[in-house]
Amino acid sequence: MEFLLSVMVIGSLALASIRITRQYGRAVVFRFGRLAGMKGPGLFFIIPLVDQIVRVDLRVRQLDVPKQTIITRDNISVDVDAIIYYHVTDPIRAIVEIEDYQGATALIAQTMLRDVLGQGDLDTILADREALNQKIQAALEAVTVPWGIQVDIVTIRDIALPENMLRAIARQAEAERERRARIILADGEHQASERMSDAARLYEQTPVALKLREFQNLSEIAKERNLIVVTHGVDHPGTALAYAKAFNR
């Protein structure tokens with residue numbers, strides 16, 4: 001009876017000493033409250049009633065940073081939210097160095113988002129999101145790396161502007177389009193005037209070309225068959241015949 005009881009106790013202790021962690025997990029072991037190391041993945045053994053373990057997930061986690069009200073450098077209030085992806089690189093530091101690494105990462109992410117975006121003006125925030133993402137990531141890593149946490153991706157998801165700013169931006173965009181249209185029209189007029197000046201000089205050098213141009217316009221007008229065109233006479237019939245011959249060519 002005593003032997004059977006001993007076997008049962010030993011078996012229970014053996015079963016209690018067996019632990020298993022998945023491939024993406026690690027176990028931080030504390031023996032009598034002191035750090036004893038890290039175990040996993042797979043099967044490992046601990047000393048029952050002496051060792052305590054804390055499991056840590058090494059997979060990439062997503063952090064949805066809630067919408068933050070930020071005042072830009074040019075004193076404009078905007079609402080910004082972001083998504084951050086991070087993972088634990090050192091489970092021992094993540095457990096020993098900080099009490100709650102997930103909550104601490106969320107709080108520091110909100111703070112860094114406000115600090116970095118608050119240093120830029122509205123145009124920079126709207127136009128240079130990629131550069132701001134990298135800047136926020138670098139600021140976060142400076143804080144989280146000592147905790148054993150690596151920030152992988154920072155993405156600004158949405159920037160909400162006040163209604164009056166949306167109207168102002170719309171007016172600015174409309175004014176910019178109007179400015180470009182006026183510039184294009186002015187360039188067209190300038191090019192057209194240059195071409196007309198060149199044509200005038202050519203007509204001045206060759207008067208017959210001007211007369212032929214007049215005949216061509218009259219020919220195009222005659223195709224409409226709804227106008228009566230009265231032209232001035234020519235000085236000599238031979239001149240008219242020469243013009244007609246040149247026009248037929």
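## Exposed loops and a nonpolar core

Asn75 is exposed, with a relative accessible area of 67%. This value, like the others in this report, was computed from a predicted model. The place of Asn75 is the loop between strands E6 and E7, and its backbone has a positive phi of about 60°, although the residue is not a glycine. Most residues other than glycine have a negative phi, and most peptide bonds are trans. Leu49 also has a positive phi, of about 65°, and is not a glycine. Leu49 is found in the loop between E4 and strand E5, which covers residues 51–57, and with a relative accessibility of 86% it counts as exposed.

A further backbone feature involves the peptide bond that joins Gly40 and Pro41, which is cis, with omega at about 0°. Pro41 belongs to the loop that runs between strand E3 (34–39) and strand E4 (42–45). Both Gly40 and Pro41 are among the residues in contact with Thr21, once the neighbours of Thr21 within four places in sequence are left aside. Thr21 counts as buried because its relative accessibility is 6%, where the cut-off for a buried residue is under 20%.

The protein as a whole has 8 helices and 8 strands. Of its 249 residues, 25% are buried. Among the contacts with a separation of 6 or more, 63% are between residues 24 or more positions apart.

Helix H3 (residues 101–118) packs against helix H5 (residues 129–144) at an angle of about 135°, and the axes of the two helices are 10 Å apart. H3 and H5 are therefore oblique to each other, and their crossing is right-handed. On the H3 side the contact is made by Ile108, Ala109, Met112, Leu113, Val116 and Leu117, while on the H5 side it is made by Leu132, Lys135, Ile136, Ala139, Leu140, Val143 and Thr144. Sorted by class, the residues of this contact are 11 nonpolar, 1 polar and 1 charged.

Several of these residues return in the largest nonpolar core, which has 37 residues; those that touch the most other members are Val78, Val80, Ile84, Leu113, Leu117, Ile136 and Leu140. The elements that give two or more residues to this core are strands E2 (25–31), E6 (61–71), E7 (77–88) and E8 (149–160), together with helices H3, H4 (122–127) and H5. The greatest share comes from H3, which gives 9 residues.

With a relative accessible area of 19%, Gln110 is buried, since the cut-off is under 20%. Not counting residues up to four places away in sequence, Gln110 touches Val65, Pro66 and Gln68.

### A partly exposed strand residue

Arg157 is located in strand E8, and a relative accessible area of 42% makes Arg157 partly exposed. When neighbours within four places in sequence are left aside, Arg157 is in contact with Asp64, Asp81, Ala82, Ile83 and Arg129. The C-alpha atom of Arg157 is separated by 9.8 Å from that of Lys67, a residue 90 positions away along the chain.

The table gathers the accessibility of the residues discussed one by one.

| Residue | Relative accessible area | Class |
|---|---|---|
| Thr21 | 6% | Thr21: buried |
| Gln110 | 19% | Gln110: buried |
| Arg157 | 42% | Arg157: partly exposed |
| Asn75 | 67% | Asn75: exposed |
| Leu49 | 86% | Leu49: exposed |

Conventions
Residues are numbered from 1 along each chain as its sequence is written. This is a predicted model: local features need pLDDT of at least 70, side-chain atom pairs count only at pLDDT 80 or more; totals for chains, interfaces and linings use all residues. Side-chain values use heavy atoms; hydrogens and water are left out. Axes are lines fitted to C-alpha atoms, for helices over the stretch in contact, and angles run from 0 to 180 degrees between N-to-C directions. Helices (H or I, at least four residues) and strands (E, at least two) are DSSP runs, numbered from the N terminus. Angles under 35 degrees count as roughly parallel, over 145 as roughly antiparallel, 65 to 115 as roughly perpendicular and the rest as oblique. A crossing is left-handed if the near helix is turned anticlockwise from the far one by less than a right angle, and right-handed if clockwise. Contact means heavy atoms within 4.5 Å. Ala, Val, Leu, Ile, Met, Phe, Trp, Tyr, Cys and Pro count as nonpolar, Asp, Glu, Lys and Arg as charged, and the others, Gly among them, as polar. A nonpolar core is a set of buried Ala, Val, Leu, Ile, Met, Phe, Trp, Tyr and Cys residues joined through side-chain atoms within 4.5 Å. Buried means under 20% relative accessible area, exposed over 50%, partly exposed in between (1.4 Å probe, protein chains only).
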